[in-house]
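I opened this one to get my bearings. These are my rough notes on what I looked up.

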Protein chains: 2
Amino acid sequence: MTSRDTYHHGDLRRAVLAAALDVIRTEGPAALSLRDLARRAGVSHAAPAHHFRDRTGLLTAIATEGHDLLTAALSDATDLRDAGVRYVRFAVAHPAHFQVMFQPDLLRADDPELEAAKARSYERLRAEVAGLPGDRAADPEVTGTAAWSVAHGFATLLLTHNLDRSLGGRAPEDAFRAVADAVFGNGGGE
Amino acid sequence: MTSRDTYHHGDLRRAVLAAALDVIRTEGPAALSLRDLARRAGVSHAAPAHHFRDRTGLLTAIATEGHDLLTAALSDATDLRDAGVRYVRFAVAHPAHFQVMFQPDLLRADDPELEAAKARSYERLRAEVAGLPGDRAADPEVTGTAAWSVAHGFATLLLTHNLDRSLGGRAPEDAFRAVADAVFGNGGGE
DNA sequence: GAGGCAATCTTGTCGATGTCTAGATGGGGC
DNA sequence: GCCCCATCTAGACATCGACAAGATTGCCTC
C-alpha cells in the first residue's frame, strides 16, 4: 500500500528488506516467504526476485547489512567490555540481522559483498582486542575468542529466551555488564 | 531400502530421525523435507507425519532428544570448567541436535515433553554451578549465566565456522580449555 | 522534445512441498 | 480365530521458489 499509482514501486528493495526483517524478528527466518513479502509491498509475486535473485540472496543481503551495522556499532567502543556491551545491544536492537548472520546454511557463503562485510566486522573485533593493556594481551587469540564467546553466547541465549528467568526484569545490557565483570574481573578491560 | 518386504517399516520413527539428523548436520534445518525423509526410508510421503504430526513436531522431537543427550553428557562433570568442555563436546558430537535446540522458531514451544527435557538440562546446569567453592558461588545466577554464555558462545561460533582460523588445527576441546582458563582463571572451577 | 535503452515490474507456468482425508494392511490381544 | 487399532498408502489441494517472456516506464542522448 505504499504507492501503487505508479508502475514502479519507488524503493521496492528497501520495502522488501524492511518487511523481511519484520517477519524474521517475529516469526523467524523459516517463516520468510518471497511471495508474502511481495504481497506486503503491493507488487507482483516475482518482483522481489529482481532485487535479490532468490530467497538465499535476500537473506545474504540481510546478513551483509547486519555485519556493516555491527561494525558501526563497535566502532566507538572504549574498551573490550564496552565492545561486549555494544555487541549485546546490537543483537537486541537488530535481532533479525543477528539471527541471519549466524546461520550459514541460509546464506550464499561465497557472496563477495558478504565476505567483505564479514571481514570488516571481524577486523573490528580484532582491533578491540589489540587495544588491551599488556597483561591481558598476552595471548590475543585466546582473549579475543573468549570475549567473542561470552558476548555471542549471552546474545544468543538472550534472543532464544533462555535468559528470561535469569534477567529478572533487568535490562540485558546491565545483566551482561555483571557477567563481563565476573568473567574478566571488574577492571578487566579498562 | 531398509525393509520394504513388509507393509510395516519396523522402526520408521528411528529411521526418519536418523535421516533428519543427517540432513540437518550437512545442509541445515532449512533443507529438511518430510517427503525427502520418507523417500529415504522407502515409505510413502505421508508416513512420517503419523509419528511426528508435522515438520515442527519432528524438529521438536529432535530438540527434546537433544536436551536429554545434553543432560546425560553433563551428568559426569567434575567441575564447572569440565561441564563447559562437555557442553562443547556435545555440540561437536551432535551438531544437528544443538542447532535445532536453540532455534525456538522451529519448535512447538509448549510441547510438554520438550518443556520437561529442557527443565532437566537446565537443572543440570544449575547443579554444576551450585557445586562451586564459596568465593565463586557468591552470585550463582551471574556465575551460571557467565559459564553458560562462554560455553554456548564458543560452541555456536564453532559450529558456524567462525573459529576455523582461531583454532589453527587444535581440537575444539583444547581451544575451549584455554578460553575457559583465560575467563575464570586457571584454577577457576577446581 | 522525440526516440531508444535498460531497469523494473507483471503474468503465466512448472515442479516440489506440507498437510489433510479416506482407505488399505496386518500385528497382537481377547 | 477374530477383531481392533496402530501403521502405512494413495490422492488431493493450497502454497511456494524459480524460471521465462512480455509489458511498462524512467532516463539518457541527440
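**Ground rules.** This is a predicted model, so I kept in mind that local features need pLDDT of at least 70, that side-chain atom pairs count only at pLDDT 80 or more, and that totals for chains, interfaces and linings use all residues. Residues are numbered from 1 along each chain as its sequence is written, chains are lettered from A and ligands numbered from 1 in the order in which they are written, and side-chain values use heavy atoms, with hydrogens and water left out.

**Helix against helix.** I looked at α10 (residues 172-184) of chain A and α8 (residues 140-159) of chain B: their axes come within 9 Å and cross at roughly 80 degrees. That makes α10(A) roughly perpendicular to α8(B) (the word covers 65 to 115 degrees). Axes here are lines fitted to C-alpha atoms, for helices over the stretch in contact, with angles from 0 to 180 degrees between N-to-C directions. Helices are DSSP runs (H or I, at least four residues), numbered from the N terminus.

Which residues of α10(A) and α8(B) meet? From α10(A) I noted A:Ala178, A:Val179, A:Ala182 and A:Val183, and from α8(B) they meet B:Val142, B:Thr145 and B:Ala146 (contact means heavy atoms within 4.5 Å). By class, this contact has six nonpolar residues, one polar and no charged. Ala, Val, Leu, Ile, Met, Phe, Trp, Tyr, Cys and Pro count as nonpolar, Asp, Glu, Lys and Arg as charged, and the others, Gly among them, as polar.

**DNA strand D.** I found 23 residues around DNA strand D, the closest being A:Arg35, B:Ser44, B:His45, B:His50 and B:His51 (near means a heavy atom within 4 Å).

Then I checked single atom pairs. A:Arg35 has a polar side-chain atom 2.5 Å from a base nitrogen of DNA strand D. For A:His45, a side-chain N or O atom is 3.5 Å from a base nitrogen. B:Ser44 uses a backbone N or O atom, which lies 2.5 Å from a phosphate oxygen. The elements giving two or more residues to this surface are α2 (34-41) of chain A and α3 (47-52) of chain B.

**Two positive phi values.** B:Arg53 is not a glycine, yet its phi is near 70 degrees. I placed B:Arg53 in the loop between α3 and α4 (55-74) of chain B. B:Arg53 is exposed, at 65% relative accessible area (exposed means over 50%, with a 1.4 Å probe and protein chains only).

B:His161 also shows a positive phi, about 65 degrees. B:His161 sits in the loop between α8 and α9 (164-167) of chain B, and is exposed at 54%.

Notes
Parallel < 35°, antiparallel > 145°, perpendicular 65-115°, else oblique. Polar contact = N/O pair within 3.5 Å; in protein donor to acceptor, adjacent residues only side chain to side chain. Buried < 20%, exposed > 50% of the residue type's maximum accessible area, 1.4 Å probe, protein only.
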